[in-house]
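Take a look at the model below. This report covers a sheet and then a pair of helices.

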Amino acid sequence: MPKPPASTSYVPQPSRRGILLAAGAAGAAGAVGALGTGGTAAASPARRRSAALVVHNARVFTGTSDPARAEAVAVGRDGRILAVGAGRALRRFIGRDTEVVDARGGTLMSGVHDGHAHPMGAANRSLRPSLAGAEQTVEELQKTLTGFLADSADQEPDGWLVVEDWNPIGLLPRGTAPHHSMLDALPTRRPIVLRGGDGHNLWASQRALDIAKVTASTPDPPGGEIVKGRDGKPTGVLKDDAQPLVSRHIPEPDATRLAQAAEKIFAEAAASGITTFMEAVVDRSTLKVYQRLAESGRLPQRIVPALRIDTELTKDPAAALAYANGLRADFKGVRELRFGTVKVFLDGVIEYPAQTAALLEPYLDEDGRPTDNRGDLYVTAADYGRLTAAFNAAGWQMHAHAIGDRAVRTSLDGYAYALRATGRRDLRNTTAHLQLADPADLPRFAALGVVACMQLQWAARDIWTVDALLPYIGAARHRWLYPARSLQKRRAVLAGGSDWPVDPLQVWNQIRTAIDRQGADGEGDLYRAEEGISRTSSLLMHTLGTARQLRSDHLTGTVERGKEADLVLLDRDVTRCPVADISSAEVRLTLVGGTVVHDAQSSAGRAAAARVTRAAAGPRPTSYASVHGGRHASCGCG
């Protein structure tokens, strides 16, 4: 049996089961690359009748409409599923060197497809100290930051202190506004930056502002805001696309350290059961890291990079298309990457105090009275329509960050224009997040063939959906937060994503929260009766639904003969256990193209699973953004 390359560190150490598979002589790289090179799902009879692996005594969630109960799966030596059915029937595929795994009644299902995440952002964040979304007084925060300064004293006097996961509404007492003077009072002259966990806010010290030459006369960039005080001077807080004014001066992490961090991040994802990622904001530097990982055999998942089109570039479709085509040409040799998607930010974040998400009706003030603020719409419907038409005509798929109901409508208006212009319905243009949607727009998703990619781990009653939001939009609009069931009733395709690293990566809690709208951390359910979806629907949303979004459902997303063996084996039957118990499901095995990329019994697998557990047990971060643009912002995540 061929083995994965020795340098492929994500392959687990041999366990007492001895499972070590490879997708043909090409090994792990060839297995993961199959999706990227556009293979077919047609079953080709194996030259040898015996399977490489047989998993039996399982509760197989096939994701298909076949009502027959399956309890075993055979994986062929080509990395594809050889057979699915009863354990007795699949015994014929067991040969002398076939690995046989007893599932002990756990669920065997398609690997999870994450349709909107920022794993490279998670890797980057892991290299810096974190506030973990804490709520603190100014004095407590200053004490914490003084500790971070002491830990990096060798960086005095000019090294940047960059701290992740700052809570933009976390200063106590409530209503305390961040100001650079609070950072300037620290015992250092180093430039200091606190990055908001929501990805839409950045807090800089005066020295950081000085280095960036941000002054009272600096204009707001398109899609961003330099927050200024009553004296007209910058307070140090930068929103959305104003963040790069400072962040572009921060030295990039060492490429070797970043690649090593990313290797651990992808191992954690494999330990969580993820077999495919859409990296939701990608530029040339991100692609270079992926290239480095792929060339050294350290990329276990299938990756769909979404190339970010900046706000200014959206006004020039020809130039935007040339940019995307150029990146694809430069990195086409990286077989693990499948190009074809571009990402555009239509708005920002809805929670107070940012309130940069685009709304149809104005935000309310703290007393419930309408204001004149409808948020920020970064791209008009006309511009987005022309941009979509240009990319769709060339076979590219669009992925729109849309938090507010006005941004959601803008995305649909743009897709409608492109459909009239090109006649193409096969590209599965996507609107992501849909934190708030107007009910009048929900039928348009199915009518236009648009995929709704939702991050339903946020659909719980907590400080973000209640304290930071309900008073500012009112109960009538609040009821339409994350309208999953309403979209499903109108026959929209639902896909799932985590927007990691804004929240810790908690795949199974994410799947559970889509069902009960409360999850492990919620203080109550968020419109469960109106918008909770069934267990089967949630499992499908995060497997087949996202495979449809990523245009790979002919290869992955279900467990059926001839498809790639992208599989996950769990320690319990998530199709029958109490819904609350889904959150704590543990992954025993993860396979991509027949290659084991996580084995919980191996030393590497135990280490990765432990990191996942520690992250899940930590404080919940502030919001759901990401690397460049976050639960929303222009830093690139959202």
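## The sheet

Five strands are the place to begin: an open sheet of 5 strands runs in the order E2-E6-E22-E23-E24, with mixed pairing. Strands (E, at least two residues) and helices (H or I, at least four) are DSSP runs, numbered from the N terminus. Two strands pair if DSSP finds at least two bridges between them. Strand E2 (59–61) and strand E24 (595–599) are the edges, and each pairs on one side only. On average, neighbouring strands of this sheet are turned by 20 degrees against each other, direction ignored.

Inside the sheet, strand E6 (residues 107–110) pairs with strand E22 (residues 567–570). The sense is antiparallel, over 3 bridges. Leucine 108 has leucine 569 in E22 as its bridge partner.

## Where the model comes from

This is a predicted model: local features need pLDDT of at least 70, side-chain atom pairs count only at pLDDT 80 or more, and totals for chains, interfaces and linings use all residues. Residues are numbered from 1 along each chain as its sequence is written, and side-chain values use heavy atoms, leaving out hydrogens and water.

## Two crossing helices

Helix H10 (residues 381–393) and helix H11 (residues 405–422) have axes that come within 7 Å and cross at roughly 45 degrees. Axes are lines fitted to C-alpha atoms, for helices over the stretch in contact, and angles run from 0 to 180 degrees between N-to-C directions. H10 and H11 are therefore oblique to each other.

Conventions
Parallel < 35°, antiparallel > 145°, perpendicular 65-115°, else oblique.
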